[in-house]
Amino acid sequence: MAKASKQSASEIYKDRKLLERLGYGIMDVSSSSGVGFEDVRNFSYVAAPEQSPHFYRSLLLNLTGHYYPDALARLLWNKLLEHQKQLAETAGSEVDLPAASKDFFPEISEGIIKDWCLNLPAKPPGRLNTQVETTINRTTLVLLKVLPGLFELLEMGFFLPEIIRIAWSARSPDTGKRNLFRHLASLSLRRKIPATWQPYFIQLVAELTGHPCFDQAVFETYCREVLLHWQRVAVREKRAVDFQEAALDYFLRLNLMERILKGDPL
């Protein structure tokens, strides 16, 4: 047998025949049992790609050039096929998959992705992806004792000067007046937020997480969806959940949705 030459990783990836052999599990060896290693192919994803956990992700990646998590990719693929069927019925003729895809992404798919993110059983990353990773130092620990109402925000990695700056500069979407700062002092001293202050906390977190309330309609949407999400989190966690925790979880999931829409690998 000829001595194999060394190949770099980049060269191997370009060698289609070698990749096929590696994927099929074929080896040029004899066996006393008469059973060849080529049978391994029948148990590989090369022979049954639909069995791969990344099958739907690969289909959508090839179709759209966009990356989606495996579970979401499966959902989107099935919804896309349903949409293709509906378009064909409306048009009275066949509609190919690329055409259906252009009509489906991103307008229709965005709502499906948002719903998936908000109902995802697993918690999203514990820190907001817009924030630099920080450590809880002694100063922060003292602040958490003195200002229990800011516990979730400080633990999430936001710094007190940043919280104060946002609270001072943010303006009410309906009146245009600064209305957060006067609530911040009282909020900081409370562990739980009174119901009448919940909209102010929503606006504060929205500003901190990069989802500014630029008009009254957006602000009202956030308030409505956070309250619904509060109930959803309580059901999912099977326990009483603080409003602050639910509000942060909601905006964490909005950030997760943004990453998915951008095609960032998760």
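**Entry 1: Lys 238**

I started at Lys 238, which sits in the loop between helix H12 (216-237) and helix H13 (243-262). Helices here are DSSP runs of H or I with at least four residues, and strands are runs of E with at least two, numbered from the N terminus. This is a predicted model, so local features need pLDDT of at least 70 and side-chain atom pairs count only at pLDDT 80 or more, while totals for chains, interfaces and linings use all residues. Residues are numbered from 1 along each chain as its sequence is written, and side-chain values use heavy atoms, with hydrogens and water left out.

I looked up the backbone: Lys 238 has a positive phi of about 55° and is not a glycine. Most residues other than glycine have a negative phi, and most peptide bonds are trans. Is Lys 238 buried or exposed? Lys 238 counts as exposed, because its relative accessibility is 77% (buried means under 20% relative accessible area, exposed over 50%, partly exposed in between, with a 1.4 Å probe and protein chains only).

**Entry 2: a cis bond**

Next I checked the peptide bond from Phe 105 to Pro 106, and it is cis, with omega near -5°. I found Pro 106 in the loop between helix H5 (97-104) and helix H6 (107-119).

**Entry 3: the whole protein**

I counted 13 helices and zero strands. Of the 266 residues, 36% count as buried. I also looked at contacts (heavy atoms within 4.5 Å): among those between residues at least 6 apart in sequence, 55% join residues at least 24 apart.

**Entry 4: H11 against H12**

Two packed helices are described by the angle between their axes and the distance between the axes. How do I describe helix H11 (residues 198-208) and H12? They pack at an angle of about 105°, with their axes 10 Å apart. Axes are lines fitted to C-alpha atoms, for helices over the stretch in contact, and angles run from 0 to 180 degrees between N-to-C directions. H11 and H12 are therefore roughly perpendicular to each other (under 35 degrees is roughly parallel, over 145 roughly antiparallel, 65 to 115 roughly perpendicular, the rest oblique). The residues making the contact include Pro 199 and Ile 202 of H11, and Tyr 222 and Trp 230 of H12.

**Entry 5: salt bridges**

Side chains of opposite charge can pair when their charged atoms come close. I used this cut-off: a side-chain nitrogen of Lys or Arg within 4 Å of a carboxyl oxygen of Asp or Glu. How many salt bridges are there in the whole structure? The search finds nine.

One of them joins the side chains of Glu 225 and Lys 114, at 3.0 Å from N to O. This pair links distant parts of the chain, with Glu 225 in helix H12 and Lys 114 in helix H6, 111 residues apart. Lys 114 is partly exposed, at 23% relative accessibility.

I then noted Glu 152 with Arg 191, whose closest N and O atoms are 3.1 Å apart. Glu 152 is in helix H8 (residues 151-155) and Arg 191 is in the loop between helix H10 (181-188) and H11. Glu 152 is buried, with a relative accessible area of 8%, whereas Arg 191 counts as partly exposed at 36%.

Last, I looked at Arg 236 and Glu 237, which form a salt bridge with closest N and O atoms 3.7 Å apart. Salt bridges that share partners join Arg 236, Glu 237, Arg 239, Glu 245, Asp 249 and Arg 253 into one network.
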